[in-house]
Amino acid sequence: MSVIYSGECAQFQLNTKSFTYLMQVRNDYLLHLYWGEKLDERDHSYMFWEQGRAAFSPRQENCEGFILDDIPLEYPCWGRGDMRTPAIEIINPDGSNIIDLHYESHDVISGKPELKGLPAVYAEKSDEAETLIITLKDSVSKITVKLYYTLFEALDILCRHAEIINDSDKSVFINRAMSASVDFDRKDFDIISNYGTHCRERNIERSPLKYGRFNMSSRRGASSHVHNPFLIMTSPSANETSGDTYGFVLVYSGSFTAEVAANQFSSARTIIGLNSEEFGWKLHSGESFTTPEAVLSYSPCGLESLSANYHGIFRTRLCRGKYRDTRRPVLLNSWEACYFSFDEERLKKIGTCCKDIGIELLVIDDGWFGVRDTDNCSLGDWVVDRRKLPNGIEGIYNHLKPLGIDLGIWFEPEMVSPNSDLYRAHPDWCIHIPNRPRSQGRHQFMLNLSKPEVCDYIYESVAAILKSGMIKYVKWDYNRNMTEIANEKLPADQQREVTHRYYLGLYSLLERLVTTFPDILFESCSGGGGRFDAGMLYYMPQVWTSDNSDAIERLKIQYGTSLVYPLSSMSAHVSASPNHQTGHVTPFDTRFTVALTGSFGYELDPTSLSDEDKASVLRTAGIYKEYGERICNGTYHRLRNPHEENCSAWCIVSENKDTCIAGYVLTKVRMYENNERIRLRGLKKDWIYIERFSGREYSGAELCGYGIPAPLTLEYQSLLWIFERKE
Ligand code: GLA
C-alpha cells in the first residue's frame, strides 16, 4: 500500500520504493510535514511544532502559535496571513481575492484517474498505482479543491494535480491554480534548470537558492526553447551519484511557471503550474477546472537516479502507442538533404539510395504542399504541389514500396501563411486582436486552436493525407510563438483563457489523430526543441531535439535534455559534414556515436555521399537496428559533462545488464591533458563482458573500478564501445 492514513494523528503517509511524502491535518489545515528518504510507518507528528514566529504576520483567532506565514502548507492560499507565493488565487463575486481552504475529507482509490482533456501519466494496471484524493473547502466562497496524489511505488513517482469546483451559485475567477506546491523547512538547495534558445536548447543552470524568488517560466504560448517546464532541487553537494535530489516536471506544452522562493524563516516554497501572468479562468457556478499534472520525484542517490526515475515513468507510462517500447525505424529526413528544392525524381533517387544503405523510412520534410518553394507561403494548404510531385504522394510511395522503405511526411498544422488559400478564405482563423496589426514569425500566423472549427479543419486536412494508408510517420512542426492573443468569440472577461483553451484544443485534436491512426509514428518538433515537454510526449513519443544537428553541439543539448527526458524521446540524426549550422567538420563515426543515444536517423543527402560514407551509413544503421531497443529501454549514465569539461562520455546499460553501450567524444584538445580513462557505471561487477569491436574481455569490476582508456588526441574524435556479457 502506498497511501497510509492514520486517523489518530490525521496523518497521510505516502510511500514509494525510496521516498516518503508526509502530510497532516492540524487546525483543519492540510500541512506538509516531510518529503525525503523513506520512513517507517508511524506517527510522525513531532515533525511539526508551532514555533510562534509571528514576525509581523497576522495570526488567526484562538490559534496562538499557529501562524500561517510560518507553516508548511500543502496547497497554500492567498488572503489569510500566508504572505508567500500561493498555489491558488480566486477573485470572488464581491471582488475580494481571498480563499481559505480547510480539510474536508479524503478518499483512496487504486489506479489513476484520467485528467479530462489533458495529457497525463497513466497506470496500465490498477495495482501499479494508488491515488489519494484530499478534498479541501472554503465554506464562505463555496469553492472546493480536490488535490490528487498518485503514487507509482515501484517507479518512485508522485503525480499531482488539482481540481477546482465552484459549488456557489455565482461565477468566480481563477487567477492562479498551481499543479503542485511543496514547502521545505530549509533553503540550503541548489536549483537546476534548463535555459537556451533556438539551436542551443537545454543548457544547464545550477545555482544556490538565494533569498527572494528563483523563477523560470514561459509566456510564449509554448513551453519554449528558452526554459523547460521542470525544476530540480538538490542538496548543495549533490552530484550525479550522491545527494538529495527533488524533481518537479509539468506535463504541459503552453506557458508555465516554476518557482522556488526562500523566505524570512529560511524555508523554501516550490510551485509549478500554469503561468498566472497570462492565465485566468472564469469558473461558472457548478463547473470545475482541472490543472495540468505535475510529476514529482525524489532520489537520495544523486541526479542520475532522479533522471532514471523520470526516464522510466515518461518512457513507459506517459508515451503511448505502438512504438512506445520498441526501437524506432531508421529514417532519413529530406530537410538538410534538399530543403525546399526537391521533386519526384530527386526523392526517388534518394529513396533508391536509401535501400542500399539500410534506411527504413524516408521523410519528405517541408515543401511538398501548396506552392512552397520558400518559407513565406502555403502553410494551411495541405494539398500536394503537383509541380514538384506530379504523381502526388502516391508517386513516391509506389517507388518506395517495392524497395521496402516506408514513407513519412512533415506538417505544420497549427500555422497559416498570410499568402495561402486558407488565410484568404478565413482571415479570422488566426490568433489576432481585431483592429490591431498581426505580428508574423517566420512569415506566418498561428491558427487559433481555441476555436473548435479551426481544430476540425486541421483534423480533416491532415487526416485526408493520412487516410491513404501510405504514411507511416508524421513530423508535427510548430515554428513560432504566440502574440496578440485573443478569441473574439469569447467575452472580454474570458480572454485570459485563450492560451489554455488553445492547448485544450490542440490536445483534443492530437488525441483524435493518434487514436484514428494508431500505426503512425508521430514526432513532435518546434524549430527543433521549442516544445520538448512531457505534454507533447503523451501524443508523440519522440521530439526533434534541436534544429542544431551538429554532433558537438548536440552533446550539450542531449545532455541537458536527459535530465528528465528519456533517450527514446530525443530524435537524433547523423547530419552532413561540414555541418550546415556550425560549419564543424566532424568524423562520421563521431556523428554516429552522438546520434546513437536517441531515436536514430540521418539528415543528409545520401546520393552525394562517397562510397566510404555510404558504407558507414549501412554499417551504423545496422548497429542501431541491433541495439536500438536496448538503448531505448536501457539506463543512461552521464559520465562526463560536456557543459563543464573538454569531452563528453556516457554509457547505456540494458535492463538485464547484459549489454553496455559506451561513448566518448573529445570536444576540445588541451595538450597532454586529454589522455584519460572512463569509469563506467551500472554493470554487474562479477560478470565478464566482451567488447564487440576489439574482442577484449573485461570484468564489470574493471570497467566500473578502473575504467576504459580513452586515449584520444584530436578534436572531435570519438570512441564507441559495446560490451556484451560473456555467456
Ligand atoms: C523547422 C524544423 C526543421 C524543418 C523546418 C522546415 O525548423 O525544426 O527540422 O522541418 O522547420 O521548415
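Guide: With terms. Strands (E, at least two residues) and helices (H or I, at least four) are DSSP runs, numbered from the N terminus. Two strands pair if DSSP finds at least two bridges between them. This is a predicted model: local features need pLDDT of at least 70, side-chain atom pairs need 80 or more, and totals for chains, interfaces and linings use all residues. Residues count from 1 along each chain as its sequence is written, and side-chain values use heavy atoms, without hydrogens and water.

Visitor: Which residue of β28 is the bridge partner of Glu523?

Guide: Gln542. Strands β27 (residues 521-524) and β28 (residues 542-544) run parallel, joined by 2 bridges.

Visitor: In what order do the strands close into a barrel?

Guide: In general, strands of a sheet pair through backbone hydrogen bonds, parallel or antiparallel. Here 8 strands form the barrel, in the order β21-β22-β23-β26-β27-β28-β29-β30, with parallel pairing.

Visitor: Now the ligand. Which residues come nearest?

Guide: Near means a heavy atom within 4 Å. Of 13 residues around the ligand, Asp365, Asp366, Arg442, Lys475 and Asp547 come nearest.

Visitor: Which polar side-chain atoms lie by an oxygen atom of the ligand?

Guide: Asp365 places a polar side-chain atom 2.7 Å from a ligand oxygen. For Asn479 the distance is 3.3 Å. An N or O atom in the side chain of Trp544 is 3.4 Å from a ligand oxygen.

Definitions and conventions
A polar contact is a pair of N or O atoms within 3.5 Å; within protein, one must be able to donate a hydrogen and the other to accept it, and residues adjacent in sequence count only if both atoms are side-chain atoms.
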